[in-house]
Amino acid sequence: MIHSKYLWNIEEAAEDKASQLAEQLKISLPLAKLLWKRKITTQGQFDKFFHPEKYESYDPFLFAEMDLAVARIKQAIERNEQILVYGDYDADGVTSIAVLMKTLRHLGADADFYIPNRFTEGYGPNIAAFDMAKNQGTDLIITVDNGIAALEVMAHAKEIGLDVIVTDHHEPREIMPEAVAVIHPKHPKSAYPFDELAGVGVAYKLSHALLGEEPKELLDLVAVGTVADLVSLTDENRLLVQLGLRQLRESANLGLAVLAKKASLKLEEATEETIGFGLAPRLNAVGRLGPADPAADLLLTEDPEEALFLAEEIDDANKERKQIVVDTTKLAMEAIEAKDTLGNVLVVYGEGWNTGILGIVASKLVGTYSRPAIVLGIDPVTGIAKGSGRSVDAFHLYQALDKHRDLMMAFGGHPMAAGLTLPAENLTELEAKLQEEASYLSEEDFRPALKIEEKIKLADVSVAFIAQLEKLAPFGMDNPKPIFLLENMHLKGTKRIGADKTHLKTMLATEENDATLDSIGFGVGDLVDKISPTAAVDVVGELSINEWNNVKKPQLRMMDIHISHWQLFDVRNKSEWARILQEQTESRVFVCFEERTIGTLGEQNYILVNEKADFVADFQTEELVFADMPTNIELVETIVRETKPERIFVHFDAAEGNQIPAIPDRLAFAELYSLIKKFQPFPIEKYTPRLMQKFGWNKEQIDFMSKVFFDLEFAKMDSGQIIINEVVEKRNLDESLVYQQKVEEITTRKKLLYSNYTELHSWMKSMMETSIYPNAEELENGN
């Protein structure tokens, strides 16, 4: 048995409606189910989803106040006024700057940009920066990816005679800021049909309005910012990213191209993952460590040498960022482990921790501990703690913090993430309050969820089907990459791979072996030793096409597995036994029948069972290991029936060269009896070497035959010498208890050491599926 790491949420499509859609669109049923869930149910929606080149983006003048914004910017250009583009320090922010700055320069504007410092100014507009801009001669500020919530700063700008145009996509307040124009997809007076644009998407719409046509050469920048900001990849965002990825592959921005080369990314094969895991983290890195200007400069430069210099600076910053994340995560985990209890919410903090990377650290802690996590850095000079939080689906982080806003100087966020600032002296109280807020959470709430698209049959998986799936890309928010469930798979050739052997490679097969599928699992190499040869495994993962030597084959990236039944593991060889002894697992108990075995187990949990009557099932365990040889089969059967473990490991001392001795035949008994009778009193110890030499017996066999004679009262021992009893009743050897025990011991050893895996599994199965207690029918029959 293996419990899945994730909660599997399967939302199955209505079979009848999916079938109708498949027929209508002339597509396969599995693809029709995926489209039905994405609300693509007409030919028009299908064409728009898969053929973006046929469609134009929405009219930018559907935005409220777009006409006012365009008029003021054109006026500023005509008057040669100074324009300042006020941005943000993340990837969405710097791409927004690049899009608008390129547009303004194309129009001949006198324009520059400004990015507030994350550490000294924080997010969004601030009065000091606006005052500085005014004093330096700025006539018009255009915010990109920020400004919608800065009501006080905008009021101040009006007081000092500084015109501002706000472009943003973050959640607006009930009141719009005082500005020349507010360009926002959720503006209460807006007629714009899509309200999920990223900041760079809004900047692009402003550029479109200023130019009178779409600046499609800038779509690669739009794609980068949109994917990086994790907005919904539906409707217009999907269109922008689809076309932007095409631009990225065919004619990328110089700075992006040089950065991609530095990062060993192939832009000619660019996907949303190239952005999400390659370009975006690097563009974000500089702003996490200091000023974000180099990222914007990289996207604006047209000088290859400058681009290379900036790309190297940014790539180095990303490497530094990664190391800081590793170091800080280690410190945070040490702080968590040092606590007496884990708690339902993790709150950790430290002096001098880089606040620019704490959101990443919090995400890693949630991934490790499956609990909401808040990580803060304390400024030792000011005593102010600033940090980020990440949550799990069952805990609304923003609402929990909002109830205790009196403890904080500032905070913001949404159900799954938050940023907060507070006096360090309030940290202990805030943690206690959050623990109270999270007291309702159960262990089930701490399990991360995995949304599974469909159960799929192995026979339906093909290169052609996966090629259809890939057309659903770009994947992201509201258009997740499909995850499929394959049930009752049998794994073949499962092995560890990778330099550190942390990955898994296997082949999935049906029970009938009429279909197979290659599978690889990253970071799950430990599962190799947890899946038995006969296991029926439920597997979830993502499908892709693997191409090698011009041969294309389907492949599954394994994400999670579940085995619902007990498993048997054969560890009767030295290497496997050595591995088992090295593992430290609290849920594992070693069963020993001989006291000498205990000393070989180290710190492992064990029980010692001497006789059948000694064993009482007063414990429960997930894993049971039979370490050495029992005296009889019934001992093993009783233990298995009573404990019903999830996993059984059998060793039976096999690695110690456990030989099975032969029982002397009746002729041997007769020869020894005759010699004793002839030369009695018979000094057995004295003659043992000569008996061994003459008859080929070993000492154990001689001792055994002697004990049988004593047990049957054929002879007795007197002062080390054997004497035949005068009156001997004729008896068979198998009447001797000593003889019976030896036969049973040998039978036990043969069964436990020489049975193959299939035979052992069948035997164990009969015990796992029966109870040691009689059922009602057996009681009625008197059994």
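Student: Which residues in H23 meet Lys699, Ile702 and Ser706 in H24?

Tutor: In this predicted model, the residues on the H23 side are Ile684, Glu685, Thr688, Leu691 and Met692.

Student: Which hand does the crossing of H23 and H24 have?

Tutor: The crossing of these two helices is right-handed.

Student: How many nonpolar, polar and charged residues does the contact of H23 with H24 have?

Tutor: By class, the contact of H23 with H24 has four nonpolar, two polar and two charged residues.

Student: Why is Glu646 called buried?

Tutor: Its relative accessibility is 15%. Buried means under 20%, so Glu646 counts as buried.

Student: Where is Glu646, and which residues does Glu646 touch?

Tutor: Glu646 sits in the loop between helix H21 (633–643) and strand S23 (647–650). Leaving aside residues up to four places away in sequence, Glu646 touches Met1, His3, His565, Trp566, Gln567, Thr621 and Glu622.

Student: Why is Gln435 called partly exposed?

Tutor: The relative accessible area of Gln435 is 22%. Buried would need a value under 20%, and exposed a value over 50%. The value for Gln435 lies in between, and therefore Gln435 is partly exposed.

Student: Where is Gln435, and what does Gln435 touch?

Tutor: Gln435 belongs to helix H17 (residues 427–437). Not counting residues up to four places away in sequence, Gln435 touches Gly343, Asn344 and Val345. Ala400 is 35 residues apart from Gln435 along the chain, and their C-alpha atoms are separated by 9.8 Å.

Student: How do you know which residues the DHHA1 domain covers?

Tutor: The range comes from UniProt, where an unreviewed entry has the annotation "domain: DHHA1" covering residues 344–437. In the model, that span is 31% helix and 33% strand, and its end C-alpha atoms lie 9 Å apart.

Student: Which residues does UniProt list for "domain: DDH"?

Tutor: UniProt, again in an unreviewed entry, lists residues 82–226. Over residues 82–226 the chain is 38% helix and 16% strand. The end C-alpha atoms of that stretch are 28 Å apart.

Definitions and conventions
Residues numbered from 1 in each chain as written. Predicted model: local features only at pLDDT ≥ 70, side-chain atom pairs only at ≥ 80, totals over all residues. Heavy atoms only, no water. UniProt positions renumbered as here; feature names shortened; annotations may be inferred. Helix = DSSP H or I, 4+ residues; strand = E, 2+ residues; numbered from the N terminus. Buried < 20%, exposed > 50% of the residue type's maximum accessible area, 1.4 Å probe, protein only. Contact = heavy atoms within 4.5 Å. Left-handed = near helix turned anticlockwise from the far one by under 90°. Nonpolar A, V, L, I, M, F, W, Y, C, P; charged D, E, K, R; others polar.
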